[in-house]
Amino acid sequence: MTVWDCAVIGAGPAGLTAAYAAARAGLRTVVVERAAHPRYKTCGGGLIGTSLAAVADRIDVPADDRVDRITFTRDGRRGFTRRHTAPLVTMVRREEFDLRLRDAAVAAGAEMRERAPVRALEQDPDQVRVRLADGDTVTARYVVGADGSSGVTARHVDVRYRQVDLGLEQELPVPEAVAARWRGRVLLDWGPVPGSYGWVFPKGDVLTVGVIASRGEGERTRAYLRSFLERLGLTGLEPAHDSGHLTRCRADDAPLRRGRVLVAGDAAGLLEPWSREGISYALRSGALAGEAVAAGDLDRYPRAVHTDLVPSMRAGHRLLDVFARRPEVFHALLATPPGWRMFVRFCQGRTSFDETLNRAPVRAALALLDRLPAARTPARVG
């Protein structure tokens with residue numbers, strides 16, 4: 001029986017980054033994935049500077065667009081557009097991006113086992129047995145779980161969530177004239193459901209259009225997407241993909257490890273709570289998990305997550321609270337030069353939300369907003 005040093009469950013950005021780090025350190029590493037690359041993945045596919053830095057020494061990013069303009073609207077109204085001299089967001093299709101990460105992990109020495117759904121994990125003091133749907137078993141000294149928030153490893157570790165949101169998204173092939181209008185530009189719309197927003201991301205001949213809001217607001221979220229598509233003039237297009245998914249953000253005291261099993265990325269509930277941006281958290285947590293396994297020090301991983309990632313997540317919760325209560329103030333702030341500079345620095349990976357929210361002027365502004373009553377929620381969304 002083969003006993004691997006490291007088995008990674010899930011071949012998305014978190015899992016493939018963990019596999020890359022472990023394999024480069026000389027560990028015998030296998031990646032177990034239920035699908036086969038290239039595979040479609042529901043995702044906005046916007047890479048901020050933090051994500052680009054995380055993969056810079058590994059892959060050439062397969063960019064479909066590089067965005068230097070952002071249009072902001074408040075439920076379709078009060079729109080304004082800001083432009084920066086350098087790209088702010090790089091747009092990728094996840095099937096291409098993940099395939100590049102897969103190839104890099106394999107080049108580092110990791111082995112792939114695709115079309116291999118995992119059914120259960122069993123641990124003893126020395127190893128972990130990964131039970132597959134076909135009855136086979138993969139045995140390893142350590143396991144990194146990166147199979148999503150509804151996957152086997154999140155349940156095994158007993159990850160708990162503070163925030164759960166519903167995202168609805170369509171991939172729309174568009175005529176060249178439509179694609180040209182959106183090239184280099186992203187739309188962010190602050191929606192009618194508290195804490196919600198919509199987006200249009202350009203990817204060559206495809207537009208990724210979606211909305212997200214808190215789970216429990218399903219009908220209002222679906223109505224928001226219908227209204228959003230209608231006002232953009234995109235309702236007559238046949239989507240290549242029409243999907244929904246839940247994003248889950250961990251509770252502060254949720255575990256990141258159980259015995260010899262670590263969880264990273266979505267499986268750990270690691271994402272930015274306000275924007276629900278998860279790729280940068282997947283890449284960074286995957287690297288931290290792979291490095292901890294390579295060092296044989298699993299306690300190092302939760303310490304690193306709480307040092308490197310959790311402060312920005314806490315700031316994101318604070319930002320989401322303000323945004324949900326006073327979206328019109330948030331919208332007005334982004335129209336100001338300081339607000340736009342803050343947004344640019346975040347997109348380029350030059351600052352984090354916790355660093356931004358710790359600045360004295362921002363703290364004073366948040367304190368003032370806390371004293372204001374919440375805005376009235378519109379009665380109609382579509």
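The structure is a predicted model, in which local features need pLDDT of at least 70, side-chain atom pairs count only at pLDDT 80 or more, and totals for chains, interfaces and linings use all residues. Residues are numbered from 1 along each chain as its sequence is written, and side-chain values use heavy atoms, with hydrogens and water left out. The protein chain has an average pLDDT (the predictor's confidence in each residue, from 0 to 100) of 92, and 96% of the residues score at least 70.

**Confidence**
- Over residues 377-382 the pLDDT stays under 50, and the model has 12 contacts (heavy atoms within 4.5 Å) for this stretch beyond four places in sequence.

**Nonpolar cores**
- A nonpolar core is a set of buried Ala, Val, Leu, Ile, Met, Phe, Trp, Tyr and Cys residues joined through side-chain atoms within 4.5 Å; buried means under 20% relative accessible area, exposed over 50%, and partly exposed in between, with a 1.4 Å probe and protein chains only.
- The largest such core comprises 72 residues, and Phe97 and Tyr301 have the most contacts inside it.
- Helix α7 (residues 279-295) supplies the largest share of this core, eight residues; helices (H or I, at least four residues) and strands (E, at least two) are DSSP runs, numbered from the N terminus.
- Another core, of 31 residues, lies apart from the largest one and has Ile48, Met91, Val186 and Val344 among its members.
- Leaving aside residues up to four places away in sequence, Phe97 touches Pro13, Leu47, Val55, Ile59, Pro62, Val92, Ile279 and Leu283.

**Aromatic pairs and charges over rings**
- Rings of Phe, Tyr and Trp (its six-membered ring) pair if their centres lie within 6.5 Å; planes under 30 degrees apart count as stacked, over 60 as edge-to-face and the rest as tilted.
- The count by this rule is 15 aromatic pairs.
- Phe72 and Trp340 form an edge-to-face pair, because their ring centres are 6.2 Å apart and their planes stand at 80°.
- This pair ties together parts that are 268 residues apart in sequence, because Phe72 lies in strand β5 (residues 69-74) and Trp340 in helix α11 (residues 337-347).
- Phe72 is buried at a relative accessible area of 0%, and Trp340 also counts as buried, at 10%.
- One aromatic cluster includes Phe72, Trp190, Trp274, Phe330 and Trp340.
- A charge sits over a ring if NZ of Lys or CZ of Arg is within 6 Å of the ring centre and within 35 degrees of the ring normal: Arg28 lies over the face of Trp4 at 4.9 Å from the ring centre, and Arg185 over that of Trp182 at 4.2 Å.

- Tyr301, Ala304 and Val305 are buried in helix α8 (residues 300-308).
- These residues lie on the same side of α8, because they cover an arc of only 100° around the axis; the arc is that of the directions from the helix axis to the C-beta atoms.
- The buried residues of α8 pack against β18 (261-263), α7 and α9.
- Val310, in helix α9, is buried with a relative accessible area of 2%.
- Val310 touches Arg250 and Val305, residues up to four places away in sequence not being counted.
- The C-alpha atoms of Val310 and Leu270 are 8.4 Å apart, although the two residues are 40 apart in sequence.
- In helix α10 (residues 327-334), the buried residues are Pro327, Phe330, His331 and Leu334.
- The arc of these residues is only 100° around the axis, so they are on the same side of α10.
- The cover over the buried residues of α10 includes β5, β6 (77-83), β13 (185-190), α9 (310-325) and α11.
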